[in-house]
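Me: I'd like to learn how to read a helix and its neighbours in a model. Could you walk me through one?

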Amino acid sequence: CCVVLPRLAGADVCCCCMPLPSLLRARRLMKDILGDKVEKVVVGDRIVDSPCVLVTGEYGWSANMERIMKAQALRDNTMSAYMTSKKTLEINPSNPIMGELRTRAEADKSDKTVKDLVLLMFETALLSSGFTLDDPATFASRIYRMIKLGLSIDEDEEAAGEAGDDLPPLEEGGDEGSRMEEVD
């Protein structure tokens, strides 16, 4: 957990000077969005660059062992359900991505972008930790949607652009164009 420092004004702050109640609300929101995908969401003080990492418990399979066991032809699903590691999402409160995510979540908790960003960060942490994605197509569509948001491409604009990209009409010049050339 993050180091909590008392302030003279009476409100506690974490080591990165983010108000603790705000941080706890963001952590709770992330856990609600991720549901059973993670065991818990904790605030970490050891992450430097990334907004979040996925850590596993001491007991259970590692990411590589899970990958190997999923590839087994005659695997036993009861054993894999028991031995899969409980994942913990550790967030970096000093990362600017987490700060902006917290701000957007406090502004509107039902924002679809916040949900997409949380799931995207989880799946990216999943990949960077060595795990495999359950549904790569969903991950790809989420990435594309975020790219569209970053490029300020509106869904209505895109639909209008696709309608305008239709092929030109075929020329009706007779049957000369449809006849194949005869080879000598």
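**Reading a helix pair**

Reply: Gladly! Keep in mind that this is a predicted model.

Me: Where is D116 found, and is D116 buried or exposed?

Reply: D116 sits in helix 5, which covers residues 112–128. A residue counts as buried under 20% relative accessible area; D116 has 6%, so it is buried.

Me: Which side chain makes a polar contact with the side chain of D116?

Reply: That partner is R145, whose side chain makes a polar contact with that of D116 at 2.7 Å.

Me: Which residues of helix 6 are buried, and why do they line one face of the helix?

Reply: The general idea is that an α-helix has 3.6 residues a turn, so residues three or four places apart point the same way. In helix 6 the buried residues are F139, R142 and M146. Viewed down the helix axis, they fall within an arc of 65 degrees, so they line one face.

Me: What do the buried residues of helix 6 pack against, and which residues are exposed on the other side?

Reply: The buried residues of helix 6 pack against helix 5. On the other side of helix 6, A137 and Y144 are exposed.

Me: What comes just after helix 6?

Reply: Look at S152 there: this residue takes a positive phi of about 60 degrees.

Notes: Residues numbered from 1 in each chain as written. Predicted model: local features only at pLDDT ≥ 70, side-chain atom pairs only at ≥ 80, totals over all residues. Heavy atoms only, no water. Helix = DSSP H or I, 4+ residues; strand = E, 2+ residues; numbered from the N terminus. Buried < 20%, exposed > 50% of the residue type's maximum accessible area, 1.4 Å probe, protein only. Polar contact = N/O pair within 3.5 Å; in protein donor to acceptor, adjacent residues only side chain to side chain. Arc of directions from axis to C-beta. Contact = heavy atoms within 4.5 Å.
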